[in-house]
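Good morning, colleagues. Please look at the sequence and the structure on the screen, and I shall then take you through a few points.

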Amino acid sequence: MIRVNDIYKSFGKIRAVQGVSFDAPDGKITGLLGPNGAGKSTTLRILYTVLKPDQGSASIDGADVVTASLQARQRIGALPHGAGLYPHLTARENIAYYAKLCGLDDHTLQERVESIVDLLEIGDFAERRSKGFSHGQRTKVALARALVHNPQNIILDEPSNGLDVMATRSLRDLILKLKDAGRCVLFSSHVMQEVAALCDDIVIIANGKVAIDDSADGIRQRTGRDDLEDAFVRAIEMVGPE
Amino acid sequence: MRTLITVFVKEVVDNFRDRRTLASALIMGPLFGPLLFAFVINLSIERSLDDIERNLEVPVIGQEHAPNLMRYLRSHNIDVVAGPMDRAAAVEAVKTGAHDVVVFVPESFGEQLAGSIPAQVDLISDRANTQAERDARRVRTALHSYSQELAAMRLVARGVSPMVLRPINVDDVDVSTPSGRSAMLLGMMSYFFIFALLMGGMYLAIDTTAGERERGSLEPILSLPVTRNQLMLGKIAATCLFMAMSLLLSLGSFYVALKFMPLEQLGMTPNFGARTVFAAFLLLLPFMLLGASLMTLVASFTKSYKEAQTWLSVVLIAPTLPILIVSILTLRPRLEFMFVPSLSQHLLLVDMIKNEPVNLLHAAISVLSTLAIGAMLTWICARLYRREGLLG
């Protein structure tokens with residue numbers, strides 16, 4: 001369960017996030033939708049504790065991301081935007097390194113690495129050094145290492161960016177599996193269709209503010225647009241310029 | 001502690017697979033010193049052998065006016081050859097560098113000599129050209145001693161003892177020991193060790209911040225349930241290990257190289273046995289923490305890998321400054337110098353190599369102050385690792 005309560009964040013003069021609030025409950029998929037530069041990544045970076053909010057608070061399963069950031073990090077698996085691997089380590093070593101850092105003991109670690117390698121179909125290239133990996137392979141490994149410690153909350157920043165159709169499909173399947181397992185999944189995207197197809201709840205962000213927070217159907221109703229893309233555009237217009 | 005070890009082990013494995021790190025830690029750093037050193041030593045040996053053994057060819061104008069002088073020069077390993085047309089041409093030839101030194105004997109030479117008037121001989125050379133000046137000095141010395149011999153003969157002919165010409169007899173007494181004489185040249189060694197030390201850890205230090213950021217692996221690792229202090233310390237520990245390896249190899253390669261260098265020919269017998277190697281290693285160990293944290297600190301301010309490399313090459317040069325200053329001023333070890341890292345190590349190493357007793361108080365201050373500064377820099381690194389600007 002992720003709670004975001006009226007957070008603000010500025011970088012110098014740029015006000016990236018200005019009062020964002022939403023809940024992402026367990027067993028649900030929450031989509032963070034918005035145009036480029038809307039403040040999606042900044043919101044997620046605050047949630048996985050690499051940034052501190054200027055104002056407001058956020059918590060992961062009740063652990064505050066600022067005052068109890070270590071506990072909060074224990075409860076999340078995060079895939080930052082453009083996450084990179086260690087090129088001289090094999091896919092399996094990359095995953096195992098994170099598992100070890102998360103404090104898994106040797107026995108559990110072996111098991112978890114095996115199962116995540118199976119789940120994400122990494123087996124074919126698990127023993128190869130990640131130097132020459134394709135974008136899809138890299139994303140899979142980055143995702144695998146984010147999930148290796150079996151976190152309750154999963155934060156993915158534009159995970160489908162640059163993936164081909166097959167990879168996108170398997171990513172979608174994985175997200176659904178996580179939901180069925182009762183996890184809280186929060187991911188960002190700027191692709192309306194992707195979000196609509198997956199999410200139980202959609203949070204549309206524009207100019208650092210929440211434009212709308214509802215289900216796909218709810219968004220259609222409240223914007224009075226049947227087509228989701230029109231609804232998306234309408235919702236952004238409702239926030240207006242800064 | 002577990003996290004720290006995990007990070008340490010991963011960094012070591014990772015970097016052992018990285019050719020660039022290995023090249024700089026295990027090849028560049030350790031071999032650069034001995035190679036340059038061997039080059040310099042061989043050059044100076046060649047030059048010093050030059051003087052005595054090599055026959056010097058000197059063009060002389062007007063040889064026919066002074067046959068005895070020519071014979072004398074030849075007997076001193078100076079080959080007299082035909083020179084330019086006249087004095088003006090000789091000056092021109094020396095100016096352009098066609099000849100290093102030319103001797104001009106005027107027609108009046110024999111006449112003046114017979115008349116006991118100081119006989120004129122011109123030695124044409126370029127004093128600004130140090131290489132040529134060495135040759136000119138040989139000819140000058142030869143002419144001077146010929147002049148002395150003639151003077152002595154004239155006195156004897158007049159029944160006066162030639163001793164009246166030598167009211168003072170100067171005898172050079174050199175108290176420098178063979179090891180001491182080596183110190184000048186071997187003082188360079190301490191910098192090579194520090195250089196190797198820093199080179200060994202350079203790429204790891206960059207990787208800790210700029211490298212991880214550029215690769216996109218910084219944010220993911222910061223989102224793990226580990227503290228940044230542990231990550232930072234694990235990485236600095238790995239950096240230290242590579243620096244230690246580089247230092248050991250550097251010491252080892254010098255140990256081997258010095259055995260093969262004909263240093264006795266230069267009158268040098270450096271004290272660089274296994275014991276000195278070991279002591280030098282211990283003395284330089286504290287510099288590792290300082291170097292690792294300093295490089296990590298500098299790299300953490302940079303925006304990219306390239307920028308970090310540029311700045312760190314400045315850090316590689318920085319330790320030379322104090323060494324350079326004491327070498328120029330030829331300062332002796334003093335208590336207050338021992339608080340300055342790199343300078344203290346240099347001075348203590350020079351003493352060791354000269355085979356002079358090492359002041360234990362000095363060594364202790366050097367070790368402790370270097371460690372303290374290293375610990376302080378590490379603490380600053382850890383503080384900086386927590387700021388958001390790190391993400392770039």
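Leaving aside its neighbours within four places in sequence, which residues is B:Gly33 in contact with? Before I answer, please note that this is a predicted model. The contacts of B:Gly33 beyond those neighbours are B:Met189, B:Phe192, B:Phe195, B:Ala196, B:Ser250 and B:Phe254.

Let me place this glycine. B:Gly33 belongs to helix H2 of chain B, which covers residues 19-53.

Is B:Gly33 buried or exposed? B:Gly33 counts as buried because 23 other C-beta atoms lie within 10 Å, and the cut-off for that class is 20 or more.

I turn now to the domains. In the domain assignment, chain B is divided into domain 1, made of 2-44 + 179-391, and domain 2, made of 52-165. Taken over C-alpha atoms, the centres of these two domains of chain B are 54 Å apart.

Finally, the contact between the chains. Chain A contributes 24 residues to this contact and chain B contributes 19 residues. On the side of chain B that touches chain A, the elements giving two or more residues are helix H1 (2-16) and helix H8 (218-222). H1(B) supplies the largest share of that side, with 4 residues. Sorted by class, the side of chain B that touches chain A holds 7 charged, 6 polar and 6 nonpolar residues.

Thank you for your attention.

Conventions: Residues are numbered from 1 along each chain as its sequence is written. Chains are lettered from A and ligands numbered from 1 in the order in which they are written. This is a predicted model: local features need pLDDT of at least 70, side-chain atom pairs count only at pLDDT 80 or more; totals for chains, interfaces and linings use all residues. A residue is buried if 20 or more other C-beta atoms lie within 10 Å of its own, exposed if 12 or fewer, and partly exposed in between; C-beta atoms are placed from the backbone. Two residues are in contact if their C-beta atoms, placed from the backbone, lie within 7 Å. Ala, Val, Leu, Ile, Met, Phe, Trp, Tyr, Cys and Pro count as nonpolar, Asp, Glu, Lys and Arg as charged, and the others, Gly among them, as polar. Domain bounds come from an automatic or database domain assignment.
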